[in-house]
Every structure is written in structure tokens, then in C-alpha cells.
Amino acid sequence: MPERTVTIGSRSGLHARPATAFVRAATEQAVPVTVSREGRTVDARSLLSVLALGAGHGDSVTLAAEGEGAEEALDALAALLTRDHDAEPAG
């Protein structure tokens with residue numbers, strides 16, 4: 001199963017706006033994706049579950065997916081998590 005470990009780039013961590021953008025992108029993927037932190041794994045399509053991970057700025061999370069298109073899905077979601085959404089204008 002392909003995995004990517006990434007560092008959260010947003011200064012506010014994986015909360016509110018960054019988490020919503022991440023979950024929206026995960027939902028659009030052709031394969032199911034999970035996200036893990038400190039031994040806890042959740043469905044990346046669940047906003048409440050992703051928020052409950054409590055991932056802050058600089059924390060590492062591991063993304064995993066299986067199936068055709070898994071590598072591409074992980075690449076897209078990893079790129080999203082490493083961006084600093086707090087430095088970008090809301091829109």
C-alpha cells in the first residue's frame with residue numbers, strides 16, 4: 001500500500017480551512033485515503049475525524065491509499081498538506 005509521510009505546512013495546523021480543503025480533495029480522489037498520526041488512523045474524507053487528529057504546524061502525518069490511482073492521489077493530497085493555507089488569501 002503506497003504511503004506518504006508529510007509535514008503540516010499551515011501555521012494553524014490541520015484545522016478549519018486547511019482541514020476542509022484537505023477533506024474536500026480527499027473526497028474527490030478515485031481511491032479511499034487514510035491519514036494517520038501518532039498511531040491513530042482515520043478516513044481522510046471525514047472532517048470530524050481529521051480534525052480530531054489534532055495535527056499542528058510542523059507535525060507529521062502519514063497518508064495511505066490503495067488501488068489504481070493511489071500514487072497520484074497521495075501526491076495531490078501531500079502537496080495540499082505541505083502548503084501554508086494561512087499565508088494564502090481566503091477564497
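Helices (H or I, at least four residues) and strands (E, at least two) are DSSP runs, numbered from the N terminus. This is a predicted model, in which local features need pLDDT of at least 70 and side-chain atom pairs count only at pLDDT 80 or more, whereas totals for chains, interfaces and linings use all residues. Residues are numbered from 1 along each chain as its sequence is written, and side-chain values use heavy atoms, with hydrogens and water left out.

**Helix α3**
- The buried residues of this helix are A70, A73, L74, L77, A78, L80 and L81, and because they cover an arc of only 160° around the axis, they lie on the same side of α3; the arc is that of the directions from the helix axis to the C-beta atoms.
- With 13 residues, α3 reaches 18 Å from its first C-alpha to its last, close to the 18 Å expected at 1.5 Å a residue, the expected span being 1.5 Å times one less than the number of residues.

**Helix α1**
- The 12 residues of α1 should span 16 Å at 1.5 Å a residue, which agrees with the 16 Å between its end C-alpha atoms.
- Its buried residues are P18, A19, F22, V23, A25 and A26, and seen down the axis of α1 they fall within an arc of 165°, so they line one face of the helix.
- These buried residues pack against β2 (33-37), α2 (47-52), β4 (60-65) and α3 (70-82).
- The face of α1 turned away from the buried side carries A16 and R24, which are exposed, that is, over 50% relative accessible area, with partly exposed in between.

**Residue S36 in strand β2**
- S36 has its place in strand β2 and counts as buried because its relative accessibility is 18%.
- Its side chain makes a polar contact with the side chain of T41 at 2.7 Å, a polar contact being a pair of N or O atoms within 3.5 Å, of which, within protein, one must be able to donate a hydrogen and the other to accept it, and residues adjacent in sequence count only if both atoms are side-chain atoms.
- Leaving aside neighbours within four places in sequence, S36 is in contact with T41, V61 and T62.

- R11 is found in the loop between β1 (3-7) and α1 (16-27), and it counts as exposed because its relative accessibility is 53%.
- The C-alpha atoms of R11 and T41 are separated by 22 Å, the two residues being 30 residues apart along the chain.

Key. Buried < 20%, exposed > 50% of the residue type's maximum accessible area, 1.4 Å probe, protein only. Contact = heavy atoms within 4.5 Å.
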